[in-house]
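Colleague: I would like to learn how to read a model of this kind, feature by feature. Could you take me through one?

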Amino acid sequence: MSLNPFPYQLYLVISEADCKGRNFLEVAELAILGGVDCIQLREKNDSTAEFIHKARQLKDITDQYNIPLIINDNLEVAQHIQAAGIHVGNQDAKPVDLRKMPFMQDRIIGYSIEYLSQLENEQTAAADYLGISPVFKTDTKKDTVTEWGLEGIRTIRKLTDKPLVAIGNIHLKNAREIIRAGANCIAVVSAICGAKDPQKAAYELKNEIVQ
């Protein structure tokens, strides 16, 4: 069972590469000022030492604004910086196993859903929120299985009470309909990291969600 409330609405998934030459820490801070209320650091290609260095720098910023920092699939990094939680997928550490670890007992665990059958497994039960990935296919993540679409979100919403975080090619023109379909939160990468003005991009997305 999930232990942590997940009241967040606009979730930024960020990496240094996604910011395309800009300082990812500056992008993250601007995004927070615009309305992002949860951040996940995803650095799949970094060494653990590099990942820890970036995560520590980012956590200094997220702590300043009281924003939870989630680490993508690296328990060592999450533990080292005392992150708010961890996000895992099908090929990563299992939420049930994570929850048994002393450090993770009071931390947020996110779990990506790629098949409806996952809604019935013990991993979903142990997670605090479900990542619905991708809603629409995207170039930033190519190893996905199911493209859920709006109908997929509606179906999942009927089958679980877990908070749903939708991700995958979400932008200003489709954010509101994704929330209306049943997502509790939208997660974005390019819509903010690739924006000329990350603060404005976050502000506009947040306005679409809260209306």
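Modeller: Let us begin with the contacts, where contact means heavy atoms within 4.5 Å. Among contacts in the chain between residues at least 6 apart in sequence, 60% join residues at least 24 apart. This is a predicted model, in which local features need pLDDT of at least 70 and side-chain atom pairs count only at pLDDT 80 or more, while totals for chains, interfaces and linings use all residues. Residues are numbered from 1 along each chain as its sequence is written, and side-chain values use heavy atoms, with hydrogens and water left out.

Colleague: How many helices and strands are in the chain?

Modeller: Helices (H or I, at least four residues) and strands (E, at least two) are DSSP runs, numbered from the N terminus. The chain here has nine helices and eight strands. Its radius of gyration, taken over C-alpha atoms, is to be set beside the globule rule, which is 2.2 Å times the number of residues to the power 0.38. The value for the chain is 16 Å, close to the 17 Å that the rule gives for 211 residues, so the chain is as compact as a globular protein of that length. The C-alpha trace spans about 40 × 40 × 30 Å along its principal axes.

Colleague: What percentage of the 211 residues count as buried?

Modeller: Buried means under 20% relative accessible area, exposed over 50%, and partly exposed in between (1.4 Å probe, protein chains only). By that reading, 55% of the 211 residues count as buried.

Colleague: Which residues are buried in helix α1?

Modeller: In α1, which covers residues 24-34, the buried residues are F24, L25, V27, A28, A31, I32 and G34.

Colleague: What caps the N-terminal end of α1?

Modeller: A polar contact is a pair of N or O atoms within 3.5 Å; within protein, one must be able to donate a hydrogen and the other to accept it, and residues adjacent in sequence count only if both atoms are side-chain atoms. Here N23 is the cap, with a side-chain oxygen 2.8 Å from the backbone nitrogen of L25. Just after the helix, G35 takes a positive phi of about 135°.

Colleague: Which residue has a positive phi of about 60° although it is not a glycine?

Modeller: One of them is N66, in the loop between α2 and β3 (69-72), which counts as exposed at 70% relative accessibility. N169 also has a positive phi of about 60° without being a glycine; N169 lies in the loop between β7 (164-167) and α7 (175-181) and counts as partly exposed at 41%.

Colleague: Where is there a cis peptide bond?

Modeller: A cis peptide bond joins S133 and P134, with omega about -15°. P134 lies in the loop between β6 (129-132) and α6 (149-159).
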